[in-house]
Amino acid sequence: MHNAGMDGASMVGAKVSLRIDGREVCVAAGTSVAAAIAMSGSPVTRRSVGGMPRAPLCGMGVCHECRVCIDDLPHQLACQTPCAAGMRVVTAQSQEAR
Ligand code: FES
């Protein structure tokens with residue numbers, strides 16, 4: 001029997017494509033934005049007020065070190081956000097390159 005829905009069984013092997021700092025990244029469905037950022041080369045998400053690089057620390061929505069801009073919304077928690085097709089993520093790395 002074919003199941004076209006996205007239940008647990010049908011998500012196995014499914015991929016989603018998103019853009020991180022302008023680069024296209026393809027990850028497994030269910031991957032957090034924080035994990036996708038780390039897999040794309042650098043875990044840096046933002047800069048502290050003093051300019052130090054920051055990266056996800058707790059992975060459970062407490063520390064807020066993983067804040068990034070997602071689809072033009074600033075200060076989104078990358079560790080609590082699953083990747084979605086077409087999502088646009090901007091980290092401190094991108095903002096420094098401008
Ligand atoms: S890593 Fe701590 S809130 Fe996201």
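## Pairing and overall make-up

Two strands are taken to pair if DSSP finds at least two bridges between them. Strand 5 and strand 7, which run antiparallel, are joined by 2 bridges. Within that pair, Ile 70 has Val 89 of strand 7 as its bridge partner.

The model is predicted. Its protein chain contains 3 helices and 7 strands, and from the N terminus the elements follow the order α-β-β-α-β-β-β-β-β-α. The protein chain has 98 residues, of which 22% are buried. Among contacts with a separation of 6 or more, 40% are between residues 24 or more positions apart.

## Confidence

The average pLDDT of the protein chain is 89, and 85% of the residues score at least 70. Residues 1–5 have a pLDDT below 50, and this stretch makes 2 contacts in the model beyond near neighbours in sequence. Where pLDDT is low, predicted coordinates should not be read in detail.

An open sheet is formed by 5 strands in the order 2-1-7-5-6, with mixed pairing. Its edge strands are strand 2 (23–28) and strand 6 (73–77), each of which pairs on one side only. On average, neighbouring strands of this sheet are turned by 40° against each other, direction ignored.

Across the sheet, the pairs can be taken in order. Strand 1 and strand 2 run antiparallel and are joined by 6 bridges; in this pair Val 16 stands opposite Val 27 of strand 2. Strand 1 (residues 15–20) also pairs with strand 7 (residues 88–90), here in the parallel sense and over 2 bridges. Arg 19 faces another arginine, Arg 88, in strand 7. The antiparallel pair of strand 5 and strand 7 comes next, with its 2 bridges. Finally, strand 5 and strand 6 pair in the antiparallel sense over 3 bridges, and Val 68 stands opposite Gln 76 in strand 6.

## Hairpins

The hairpin of strand 1 and strand 2 has 2 residues between the strands, and Asp 21 takes a positive phi near 50° in it. In the hairpin of strand 5 and strand 6 there are likewise 2 residues between the strands, and Asp 71 has a positive phi near 50°.

Side chains alternate along strand 5 (residues 67–70).

Residues up to four places away in sequence aside, Ala 78 touches Ser 32, Val 33, Ala 34, Ile 37, Thr 45, Pro 56, Cys 66 and Val 68.

## Leu 18

Leu 18 is located in strand 1. Leu 18 counts as buried because 22 other C-beta atoms lie within 10 Å, where the cut-off is 20 or more.

Leaving out residues up to four places away in sequence, Leu 18 touches Val 25, Ala 36, Cys 83, Ala 84, Ala 85, Gly 86, Met 87 and Val 89.

## Thr 81

Thr 81 lies in the loop between strand 6 and strand 7. Thr 81 counts as partly exposed because it has 18 C-beta neighbours inside 10 Å; that class falls between the limits of 12 or fewer for exposed and 20 or more for buried.

Apart from neighbours within four places in sequence, Thr 81 is in contact with Ser 32, Val 33, Ile 70 and Gln 76. From C-alpha to C-alpha, Thr 81 and Ile 70 are 9.3 Å apart in space, and they are 11 residues apart in sequence. Ser 32 and Val 33 are also among the residues that Ala 78 touches.

Definitions and conventions:
Residues numbered from 1 in each chain as written. Predicted model: local features only at pLDDT ≥ 70, side-chain atom pairs only at ≥ 80, totals over all residues. Helix = DSSP H or I, 4+ residues; strand = E, 2+ residues; numbered from the N terminus. Contact = placed C-beta atoms within 7 Å. pLDDT = per-residue confidence, 0-100. Axes fitted to C-alpha atoms, helices over the stretch in contact; angles between N-to-C directions.
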